[in-house]
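Please consult the sequence and the structure shown here while reading.

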Amino acid sequence: MTRTAEQINADVNLLARKIMFRRPDIEKHVGYYKGRRGKLNFASEEFKMYMKERFSDFSDNWCAPVAQAPVERIHFQGFKSLDGLEVPSTVQRRWADNDADRGLSEAALMMTIARRSYGLVTEKPNGKARISFEHPDSAAVLYDARTGQVRAGLVMVQDDAEEYGTLMYPDAIFQVQRKRSAFVDDANRQPPSTDGWRFVPESFMPNPLGAVPLVEFRNQSLLDMNPQSDIEPVESMQDAVNVVWSYLLNALDYASMPARVIMGGEPLEEPVLDNEGKVVGARPAELDKTVTDRITQLTGDSKIGEWTSSNLEAFNPVIEKAVEHIAAETRTPGHYLLTNAEVPATGYEVAEAGLVSKTVDRIRYLRSGIRELSRLAALTEGDEQAAKAVANAEVVFASPQYRSQAVMTQGMLQMRQAGFPLEFLLEWFGLAPDEVSRVMVMKRQEDADPELAAIAKSIGVSHGHDDSGAQQSELGGTGDAGAQAGEKNVAANQPG
């Protein structure tokens, strides 16, 4: 595709503006996740004046568990063929060589916090593919308005003097740069200009992949290309919780013990000194100083009185109710946030149903990006067969629902007796595609070895036909006897 210099410069400046305009929002959400935001935002000015220094580093952080809860259940396992094209083992090898499991976990967490994150495929000096994951404050893509396909992408870096970037098209790659702009007005801290980017014509490189190698992972949106942050609904509630905590901590310090008060006498005064340090008069003591120094005086008949300690239990229900609202609004199980949360009589499976559904949604937002990264990595190494197989394969994740091994084994027994094939049961059990293949090879080797077959038959898990020709089951015995043995095994695995 032929592009003019003006079109290329317009694209890079548009992408740079996207990045710069998104940075405040990204910084805000990441700050809440790290507990650096939401301290005393809603406290009164009087309260801030006295207490902002004392509680400046305190933050009760509920954004972190809300963001982490679905991500910790996301486990990419590999690819499963759907149209008969076997996915080569080199695909998973590339993923492992780049430690991409760790990078994907970080990208998924950033996606839920800051709305989006990115994956990038480049070529190493040895010709191998590099799969990396990029922070949303330094990367952006442009979509074709008609097709929805990515038509351009930019990754930015900077040093003390200049800013650099790589501009990527489906058929070309350019290096771009500009002088790093200082703040326009240091007094008002105006943000730097987002324009001034220029591509370097001599840096042109053809892109043989036929696609922009920068992939965007977008969190949930409303058909408007504007993804949502999972923790944005939590932030205002976290502000409120922290204000209640600050009042509670202040009450612990000032009003948790009985206090004495002097009533009566003359108002408190402080001396007035001249330039030589001599007392030349007196003036009423500043009220602010008497409060911070914990000195209180009431005029009238002089006597010493006492007030009782405050009831601090009034604060706890407010905090607990706020956390319950966070759990309900974000579909985070109550027992993740509150130690005294009641689990339904039907068990954790029902209590975590909302979280499991939410995790399945987040997995959907990752699938296409993982497939595209793996496809581009294969093309980078010239492995067109693997790229074609990946493009038509299913991206497999472990089940986000936690079940005990006893429950899983019980389910496998019942499903096997109902006629489900062993390979399907292994997938249902949660084994990765390469693990399923390995187990099936081991099973065939076991069936072909008379000694192993005899051992397996002796423990009731053989597969094949006995001397009488009766069909046997891997997880039971023969005929009705196998079903009875399976029922006994099921009973043995019942809780309690």
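The model is predicted: local features need pLDDT of at least 70, side-chain atom pairs count only at pLDDT 80 or more, and totals for chains, interfaces and linings use all residues. Residues are numbered from 1 along each chain as its sequence is written, and side-chain values use heavy atoms, with hydrogens and water left out.

**Helix pairs**

Helices (H or I, at least four residues) and strands (E, at least two) are DSSP runs numbered from the N terminus. Axes are lines fitted to C-alpha atoms, for helices over the stretch in contact, and angles run from 0 to 180 degrees between N-to-C directions.

| Helix pair | Axis separation | Crossing angle |
|---|---|---|
| H13 (405–417) and H14 (422–429) | within 11 Å | roughly 155° |
| H14 and H15 | within 10 Å | roughly 140° |
| H1 (5–33) and H5 (100–114) | 9 Å | about 110° |

Angles under 35 degrees count as roughly parallel, over 145 as roughly antiparallel, 65 to 115 as roughly perpendicular and the rest as oblique. H13 and H14 are therefore roughly antiparallel, H14 and H15 are oblique, and H1 and H5 are roughly perpendicular.

The crossing of H13 and H14 is right-handed, meaning that the near helix is turned clockwise from the far one by less than a right angle. In this pair, contact (heavy atoms within 4.5 Å) involves Gln-405, Met-408, Gly-411, Met-412, Met-415 and Arg-416 of H13, together with Leu-422, Phe-424, Leu-425, Trp-428 and Phe-429 of H14. These residues comprise 8 nonpolar, 2 polar and 1 charged. In this classification Ala, Val, Leu, Ile, Met, Phe, Trp, Tyr, Cys and Pro are nonpolar, Asp, Glu, Lys and Arg are charged, and the others, Gly among them, are polar.

H14 also passes H15 in a right-handed crossing. Here Leu-422, Glu-423, Leu-426 and Glu-427 of H14 meet Val-436, Val-439, Met-440 and Lys-443 of H15. The contact of H14 with H15 contains 5 nonpolar, no polar and 3 charged residues.

By class, the contact of H1 with H5 has 7 nonpolar residues, 1 polar residue and none that is charged.

**Pocket and cavity**

On a 1 Å grid over the protein atoms alone, a cavity is a set of points where a 1.4 Å probe fits but cannot get out, and a pocket is an open set with protein on both sides within 12 Å along at least five of seven lines; lining residues have an atom within 4 Å of a point. Grid points are joined across faces, edges and corners, and a volume is the space filled by probe spheres set on the points.

The largest pocket holds about 940 Å³. Its lining has 33 residues, with Phe-79, Lys-80, Val-396, Ala-432 and Pro-433 nearest the centre. At least two lining residues each come from strand S1 (76–81), H4, H11, strand S15 (393–397), H14 and helix H15 (433–448). S1 gives the largest share, 5 residues. The pocket lining divides into 16 nonpolar, 8 polar and 9 charged residues.

There is 1 cavity of 30 Å³ or more, and the largest cavity has a volume of about 30 Å³. Val-91, Arg-94, Trp-95, Ile-131, Ser-374 and Ala-377 form its lining, to which helix H4 (89–97) and helix H11 (353–380) give two or more residues. H4 supplies the largest share, 3 residues.
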